[in-house]
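Trainee: Could you show me how to read a new structure, one feature after another?

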Amino acid sequence: MSVTFIVLVVAALGFRLLGAAGISRFATWQVSAGHALAVMLAVTAAAHFVPESVTVMPNHADLVRMVPPFVPFPGFVVYLTGVLEVLGAAGLVLASTRRAAGICLAALFALMLPANIYAAVADVPFNGGAATPLWERIPEQVLYIGIALWAAGLVARRPVRVS
């Protein structure tokens with residue numbers, strides 16, 4: 001289980017507990033999950049800008065190694081995706097931009113999937129450790145896409161009909 005997944009789950013539970021305590025902003029799982037995804041993105045985006053000399057967390061060099069060889073300017077792409085993650089996180093917490101942010105983040109997560117696949121298949125080490133296995137990377141990426149679309153209001157819970 002990855003640190004990013006743990007951050008997502010703990011943040012979602014924390015926001016939902018705030019909702020149960022009476023903070024109306026977090027009254028639903030949908031909004032709480034969107035805010036939790038924003039927290040997760042703030043954490044992951046930080047790695048895009050951390051210098052290689054920092055070894056207590058993933059850094060820019062780790063992420064550059066994940067970029068498939070067919071992608072030009074990998075260093076720039078890592079900085080760009082970090083900026084997009086920060087903007088997406090900010091967009092998720094604002095109700096007026098949540099829909100657009102969720103859609104854009106779902107697209108971003110889909111576009112970043114080849115880097116995750118490449119890193120797993122090419123056995124690219126991450127933060128000094130072993131590469132994250134493909135069986136873990138793909139389901140997590142699909143989960144993040146789903147949460148982004150749910151936060152955007154595009155994935156609705158359907159009522160169960162009893163006949």
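Mentor: Begin with burial: a residue is called buried under 20% relative accessible area, exposed over 50% and partly exposed in between, using a 1.4 Å probe and protein chains only. In helix α4, the buried residues are V78, T81, G82, E85, G88, A89, G91 and L92. This is a predicted model, in which local features need pLDDT of at least 70, side-chain atom pairs count only at pLDDT 80 or more, and totals for chains, interfaces and linings use all residues. Residues are numbered from 1 along each chain as its sequence is written, and side-chain values use heavy atoms, with hydrogens and water left out.

Trainee: Which helices do the buried residues of α4 pack against?

Mentor: Contact means heavy atoms within 4.5 Å. The buried residues of α4 pack against α2 (29-47), α3 (60-66), α5 (98-121) and α6 (134-151).

Trainee: How many helices and strands are there in the protein chain?

Mentor: Helices (H or I, at least four residues) and strands (E, at least two) are DSSP runs, numbered from the N terminus. Here the protein chain has 6 helices and 0 strands.

Trainee: What is the radius of gyration of the protein chain?

Mentor: The radius is taken over C-alpha atoms, and the globule rule is 2.2 Å times the number of residues to the power 0.38. For this protein chain the radius of gyration is 17 Å, close to the 15 Å that the rule gives for 163 residues, so the chain is as compact as a globular protein of that length. Buried residues make up 38% of the 163 residues, and the C-alpha atoms fill a box of roughly 50 × 35 × 25 Å along the principal axes.
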